[in-house]
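Let us walk through a protein model together. Keep the sequence beside you and follow the names as they come.

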Amino acid sequence: MTNMQEIDLARCTLREANSQLQSEDATGAWAIRNPRGRHALAVGLTAPIDVLIDGQAGYYAGGMNQHATITIEGNAGPGVAENMMSGRTHVRGNASMAAGATGHGGLLVIDGDAGARCGISMKGIDIVVRGSVGHMSAFMAQSGTLVVCGDAGEALGDSLYEAKIFVRGEVRSLGADCEEKDMTAQDMALLQSLLDSAGITGYPADSFRLYGSARRLYHFHVDNAAAY
């Protein structure tokens, strides 16, 4: 990017770096150099700025984002884009557990694999994973969409509400109250739109399967007691 403003974490503290990015006067494009796996990088951003984290990120990178576009040129630790409200976060490597946890909106793209509980308790965020996801992904997911181009681990979508899960590869097992659904034309259009937004080509929408809530656990019923 041209005219990129730089923050070097070898020369300033994390608090100073985040304060610059969180400032009401922050505009344009920024690069964080020498991140060295620091935690809570580029959190709580409210301006429509572009932020490049030039290396590995630790816990909760890009958390609570509003409007910013964040790119991580490396791997991300647990909770990347946690509680994201809007904007876009792109992990060029792998993500650890709980990626996109409790996210309310925006788009999270992971070029590699994501660990366990990807999309846990998601509340409207869209997550696209080019690789595979670990066990208990989309656990208690309430709304939004999880797209997995690879495989999914055990207990996918356990205690799912109204989020949608698209998986192209194999699913190790489904969690409680999660079941495979028939894909409608509207589902196919949603999936294709997310693949396009993530820059993923070569995977036709009809090569994915859709999973959603069986809606047996919305209200307690003794006949379903074993599923709780």
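A nonpolar core is a set of buried Ala, Val, Leu, Ile, Met, Phe, Trp, Tyr and Cys residues joined through side-chain atoms within 4.5 Å. Buried means under 20% relative accessible area, exposed means over 50%, and partly exposed lies in between (1.4 Å probe, protein chains only).

Some ground rules come next. The model is predicted: local features need pLDDT of at least 70, side-chain atom pairs count only at pLDDT 80 or more, and totals for chains, interfaces and linings use all residues. Residues are numbered from 1 along each chain as its sequence is written, and side-chain values use heavy atoms, with hydrogens and water left out.

Start inside. The largest nonpolar core has 48 residues, and Leu21, Ile49, Val51, Ile72 and Leu146 touch the most other members. Which elements each supply at least two residues of this core? They are α1 (14-22), β2, β3, β4, β6 (107-110), β7 (123-129), β8 (143-148) and β9. The largest share, three residues, comes from β7. These helices and strands are DSSP runs, numbered from the N terminus (helices: H or I, at least four residues; strands: E, at least two). Apart from this core lies another, of 14 residues, including Val109, Cys149, Leu191 and Phe208. In soluble globular proteins, nonpolar side chains tend to be buried together.

Now look at leucine 21. Contact means heavy atoms within 4.5 Å. Not counting residues up to four places away in sequence, leucine 21 touches Ile7, Ala26, Trp30, Ile32, Ala42, Leu45, Ile49 and Val51.

Next comes the sheet. Two strands pair if DSSP finds at least two bridges between them. An open sheet of 11 strands runs in the order β1-β2-β3-β4-β5-β6-β7-β8-β9-β11-β10, with mixed pairing. Why is one side of β1 (5-8) and of β10 left without a neighbour in the sheet? Both stand at the edges, and each has a single partner strand. From one strand to the next, the twist averages 15°. For that angle, axes are lines fitted to C-alpha atoms (for helices, over the stretch in contact), and angles run from 0 to 180 degrees between N-to-C directions.

Take a parallel pair. Strand β2 (residues 29-33) and strand β3 (residues 50-53) run parallel, joined by four bridges. Here isoleucine 32 stands opposite isoleucine 53 in β3.

Then move to β11. Strand β11 (residues 209-213) is mostly covered, with four of its five residues buried. Strand β9 (residues 164-167) runs antiparallel to β11, and three bridges join them. Strand β10 (residues 178-181) is also antiparallel to β11, through four bridges. Leucine 210 in β11 is the bridge partner of phenylalanine 166. Lysine 181 also stands opposite leucine 210.

Threonine 89 lies in strand β5. Is threonine 89 buried or exposed? At 0% relative accessibility, it counts as buried.

Glutamate 82 is found between β4 (69-72) and β5 (88-91). This glutamate 82 is partly exposed, with a relative accessible area of 23%. Glutamate 82 touches Tyr60, Gly63, Met64, Ala101 and Thr102, leaving aside residues up to four places away in sequence. Glycine 58 is 24 residues from glutamate 82 in sequence and 12 Å from it in space, C-alpha to C-alpha.

Turn to the loop between β3 and β4, where tyrosine 60 lies. Histidine 67 is found in the loop between β3 and β4 as well. Most residues other than glycine have a negative phi. Tyrosine 60 has a positive phi of about 60° although it is not a glycine. Histidine 67 has a positive phi too, of about 80°. Tyrosine 60 is partly exposed at 43% relative accessible area, and histidine 67 is partly exposed at 45%.

Finish with rings. Rings of Phe, Tyr and Trp (its six-membered ring) pair if their centres lie within 6.5 Å; planes under 30 degrees apart count as stacked, over 60 as edge-to-face and the rest as tilted. This rule gives one aromatic pair. The rings of tyrosine 59 and tyrosine 60 have centres 6.0 Å apart and planes at 55°, so the pair is tilted. Tyrosine 59 is partly exposed, with a relative accessible area of 41%.
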